[in-house]
Amino acid sequence: MKIGVNGHIVDDKEAVVSVYDHGFMYGMGVFETFRTYGGRPFLFTEHLRRLAEGCRQLGIEYEPDETSLRTLLDELLSANGLRDAYVRLTVTAGSAALGLPAGAYMHPTTVMYVKELPKFDASLYERGKSLQLLKLRRSSPEGPFRLKSLHYMNNILAKREMSRYPWAHEAEGLFLDARGFVAEGIVSNLFFISGGEICTPSPETGLLEGITRNWVIGALRAKDRNVREGLYTWDDLLKADEIFITNSIQEIVPVRLLFDERGQSHAVGGGAPGEWTKRLLAEYREAAAKLNF
């Protein structure tokens with residue numbers, strides 16, 4: 001595989017990062033994951049805006065140049081023989097002296113990876129996914145709000161916990177925050193519809209404000225549909241008429257089953273995808289398809 005390191009394409013065996021890089025030493029760095037449609041990244045400007053804000057929060061002097069990054073992505077896709085791909089863009093603090101600095105990081109490292117998208121499974125969107133309630137709680141953000149940072153231990157430990165639930169094969173793990181309010185999935189944000197009201201957990205729970213999450217909120221508000229961001233419990237989900245999760249790779253996925261820690265299951269909306277989920281997924285894909293016109 002070919003990888004983009006500091007704007008240059010190299011073989012993955014030649015791609016190296018210094019042992020003094022504070023991304024490696026202290027987790028000081030941020031990243032974005034997104035996908036391409038017809039070779040073009042969707043919501044790219046929004047991803048780069050969040051990346052830039054994350055760098056500002058960490059004191060990393062980096063301002064993404066969208067034009068040059070698009071060019072690098074085009075070259076990287078071509079070098080790897082890909083058109084539609086999973087893409088990860090990482091910015092680390094770069095090399096610095098051993099110890100905790102008080103000043104800004106002036107020489108960041110940038111890495112762009114691409115790989116094949118997971119095999120498309122149409123049945124996932126027709127039958128829906130399961131959510132497994134996690135025992136592990138969502139950690140508090142390291143700063144004033146959660147960044148898509150290199151601090152991923154909480155997510156990895158949650159993924160390992162999922163292996164203890166044989167009934168939840170291919171399910172998404174669902175975090176509660178320290179107070180017991182629903183936060184987010186391991187790699188997704190959550191929405192539910194109850195009594196005609198569209199709800200999603202508040203950033204107050206420590207969730208990451210996902211790019212697809214924000215697209216959904218914007219699309220609904222553009223139709224004069226209010227989206228309530230609030231503090232919700234597992235019981236609120238059990239009463240929901242419809243649930244779906246979002247992320248930039250899987251898009252918008254219906255949820256058909258909820259599993260608690262004992263493996264007891266609860267069907268959502270009769271076990272079939274809801275109308276809002278289907279409508280929003282169609283609109284999302286339509287917006288992505290317009291990239292090629």
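Let's start with a charge and a ring: the charged end of lysine 115 sits over the ring of tyrosine 86, 4.6 Å from its centre. "Over" here asks for NZ of Lys or CZ of Arg within 6 Å of the ring centre and within 35 degrees of the ring normal. Arginine 279 does likewise with tryptophan 276, lying over its face at 4.4 Å from the ring centre.

A quick word on the model: it is predicted, so local features need pLDDT of at least 70 and side-chain atom pairs 80 or more, while totals for chains, interfaces and linings use all residues. Residues are numbered from 1 along each chain, and side-chain values use heavy atoms, without hydrogens and water.

Now look at helix α3, residues 66–79 (helices are DSSP runs of H or I with at least four residues, strands runs of E with at least two, numbered from the N terminus). Leu69, Leu72, Leu73, Leu76 and Leu77 are buried here (buried is under 20% relative accessible area, exposed over 50%, partly exposed in between, with a 1.4 Å probe and protein chains only). Down the axis of α3, these buried residues fall within an arc of 135 degrees, so they line one face. The arc uses the directions from the helix axis to the C-beta atoms. Thr67 and Ser78 are exposed on the face turned away from that buried side. After α3 comes glycine 81, with a positive phi near 65 degrees.

Back to rings: phenylalanine 191 and phenylalanine 244 are stacked, 5.0 Å centre to centre with 10 degrees between the planes (rings of Phe, Tyr and Trp, the last by its six-membered ring, pair with centres within 6.5 Å; planes under 30 degrees apart are stacked, over 60 edge-to-face, the rest tilted). This pair links strands β10 and β13, 53 residues apart.

Notes. The expected span of a helix is 1.5 Å times one less than its number of residues.
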